[in-house]
Amino acid sequence: MIELRMRQSLPLCLAVLGVLLIPRLALAADHNDPNAVNSIFADVNVSAADLYDMFGWPSDDKAGGEKVILALTFASIPRAGVLDPDMLYRIRLDPDPRPTPPSKEDESLEAIVKYADALGDKYLKLRSSEVRVTVDKDGKAHVTFLGFPKGGDFSKVIATNAVETIETPDGQSIKAYIGGRDDAFFNDLPGFFRSINYAPQLYHVPHGMAADRELKIPKTLLELEGNKLFNFDPNNPKLGQGKKDDLPADLAWSGDKFYKDANGNYRFVYSGKDAQAGRNINAIILEVPLSYITDNPKKNRIVNTWGESWVLKAANKIETEPDDRGGSRWSWFHRKSEPEKELAKYKLIDTDGVPFEDAALSERADSSQLGANNLKLARQFVIRFGHLGWGFGPSVSALGLGTCFDHDNSPVSKVVFYKTAIAAFPRVKKCFFQRLNMPDDSWNKSGLNIPLKRTFEIFLPNVCAIDMDTSGTWPYGRRPEDQVATRFLSTFLDMKSGCGGKPCNIESLGDQAFWDRTPIEPKTPPNPLKNDKPFLDHFPYLADPW
Amino acid sequence: MIVLLCALLSLAPPTSDYETELAQIQQQTAAITGDPIEKATKHAFLVYRRASLTADYADFKAAETAIDGVIAEIGPSEDLYLLKANFDFKLHRLARAKEDLEKTPDLADDAGVAALRADLALQEGRYDEAKNGYETALRKKRTWDNLARLAYLKSKTGDVAGADKLYVEAEDEITAKEMRSYAWVELQRGLLHFDAGRYAKALEHYERASRAYSGYWLIEEHIAEVLHALGRKDESVALYRKLIERTHNPEYVSALAAILGREDFYAEADRLFQEQSALYPEAALGHHLKSMLARKSPSPDLLALAEKNVRLRPNGDAKLLLARAYLKLNEPAKARAEIAEILATPWRTPELSKFSKQVRSRVSSL
């Protein structure tokens, strides 16, 4: 036959496809993990796949039995109240008994790894129950309940942006709200990014420039003397707060002390301002009876939950007939159930369980989006915590507080990278094993002998572990009013005697009186103490959208 | 009246995915915000994106002007030099693309840079280096485009089944937010069938591509080609005519000339090729050569152009064009020598195999 034309060679065509850096055209949202949907980068747009927060707590209303509130929030794309029909969201649930505290605590790296391995086995084999949500083009939400112990799997189609009641097959009622809300996350996100030298918040850093994300200067809570990259510049006050500059050529810091002003005050990298003020999110909010989640509510007092976002694969958006790609020779061996077949049409993008786990400890790696099954990251967390500790530990000491991190009394933050958990572990041991004090007893509503949590237990596995015998405040769940960013920083405090010789607690850094007497500017807790809009005292709890 | 009609047409809502994307680029260009540097950068990216989509040489010129302008305005930026490297590569300016990449030292570990370096190696006939580069890029980032790159290399080195397997894997990585990418991979899968002479199968893939991303000239021209191969001449001609009206692409004018046996159409094609060559001679060269080879009589500068093409891109594709030029000029021994040179490399394509037979037959008949 006649050869009609020149074939375009593949690389040229790939370039035609625009597999190139495209500028960010929307405002960055918060959280931004994993990196695949991290719109903080100059070349990644905001995506409905970017999960923001997983909230979960026991309902204060016990009438009709115990209930669990679950709220998964994510980017409001295309807009608040309108959900993307190409998305599938899962809220996964795994009820368990509260672990019995060991009679003698083994405070070794091996103990952490063994703990993680044991949980890893569980989560590898886990067949959790789940609530699966898709929204069609007409704005109707398709809610499917899978794997719950009573009544079998079932689905309901409900309206979005309205409180709906779903009757379960065993006659229970679930409240559901799927739609737009105010962003319940209140946080000085630019401050957090400045504390970890996260350049994409302040500078144009393309996704491909991995080495220029967290710059190799000390992480710190206090400004470093002569740090032109991240110190507040009164001549460029909006830098990192919506304004980005080009990445400077010199990315190093060669100083040896924290910055102090003429009055001898340190300068805080945090402003205490709510970077999320006035922003909306989309959310899936549920109120589920505990007796629907587990057939033994008296025994299973911990409801582990986490969220996942999945995007429809391209092939399934247009496919009308089977492709000829064929199946595995073993495909007959494992016949997929209908829910499995549905899920196979989607691609997992993001998971969310513990706040700051992906952003602070997993460095937003796409490959670390493992959800509950993040146990293989245990050693990596030790390494990462060691690195963060060399930044935050000396800052905490400079503020006159005690730190659990062993930084050899370093007068200033340092950049230290560890290659092995064995090397990092002696430095972080105390932080990982100390029990995190609570500010008072209000969290323990039952008065039961519930042990205070240890740091490593919070981050492994990556789930929001709701303790039904508590108020569900973090780390016994997560309530909307919890200031989790400040609480995360408290994991670097010496809980035994770090606060003026007295025990610290997870709210110590949120105490305005402490900042008032500390030589620092601005005199503010790192993050705002309240959300920009008051939360509701009734379902769906998160405030109405702006 | 005509002005009014044009205005009304421009207000008409886009009717295909392709038109929708072009309209989005236009809207985004109109709504660019930020400081002057940010605006200039975004503008350059968007103009480039439009050119990538239309493949119109005038749009490419606008993109080049915008990229050079923003580099002149804000100084050297690795991000922009990477964009420029991709631009130059797309326009077959391989030496310039390499120079651009030299200006991105901080991106040396980037998977995208590794892939582009491998693309350059492939274009220059360094196949082992290309393979290693693609595999490195995949180790860094197992993305659909890197999978597709390796698939393409496999398809050009005789492993068609391996290529299709990788294309399938690439498709599985593509989400509903990237339908054009999915359509493009489907197109490649169709091409594997086309090259093997399985035209009906090729059409299936092309049509699936078109369902995924409608109105795209790149898909439609492949459909036009395969319709002709399937003997559906009228449909093919109608589609080519539509494409010519939309794109003024001389390749399609040449294709139409070949189908209809209208040698007079080649004058029009040559005029359009010359317009392209005036802007980007390296990019237009291969396409023009192919057109020349399809004509009854050889053009006087056929050989010189084919040799120049090999100098620019010393790979199997370019050498095969040179071999075909030799045969066209009735020099089968030289064509055979050129084929032998290709066969000394891993390059193995159905087109090469078919042409080798043709050359052998001509040589033996001497």
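**Exercise 1.** At roughly what angle do the axes of helix 18 (residues 302-312) of chain B and helix 19 (residues 316-328) of chain B cross, and within what distance do they come?

*Solution.* This is a predicted model, in which local features need pLDDT of at least 70, side-chain atom pairs count only at pLDDT 80 or more, and totals for chains, interfaces and linings use all residues. Residues are numbered from 1 along each chain as its sequence is written, while chains are lettered from A and ligands numbered from 1 in the order in which they are written.

Step 1: the two axes (lines fitted to C-alpha atoms over the stretch in contact, with angles from 0 to 180 degrees between N-to-C directions) cross at roughly 165° and come within 8 Å. Helix 18 of chain B is therefore roughly antiparallel to helix 19 of chain B (the term applies to angles over 145 degrees).

Step 2: the contact (C-beta atoms, placed from the backbone, within 7 Å) brings residues of helix 18 of chain B, including B:L302, B:A306 and B:V310, together with residues of helix 19 of chain B, among them B:A318, B:L322 and B:A325. By class, this contact has 8 nonpolar, 1 polar and 3 charged residues.

**Exercise 2.** How far apart are the axes of helix 10 (residues 160-173) of chain B and helix 11 (residues 179-195) of chain B, and at about what angle do these helices pack?

*Solution.* Step 1: the axes lie 10 Å apart, and the angle is about 165°, which means that helix 10 of chain B is roughly antiparallel to helix 11 of chain B.

Step 1: helix 10 of chain B contributes residues including B:V160, B:D164 and B:Y167, which meet residues of helix 11 of chain B, among them B:Y182, B:R189 and B:L192. The class count for this contact is 7 nonpolar, 1 polar and 3 charged residues.

Definitions and conventions:
Helices (H or I, at least four residues) and strands (E, at least two) are DSSP runs, numbered from the N terminus. Angles under 35 degrees count as roughly parallel, over 145 as roughly antiparallel, 65 to 115 as roughly perpendicular and the rest as oblique. Two residues are in contact if their C-beta atoms, placed from the backbone, lie within 7 Å. Ala, Val, Leu, Ile, Met, Phe, Trp, Tyr, Cys and Pro count as nonpolar, Asp, Glu, Lys and Arg as charged, and the others, Gly among them, as polar.
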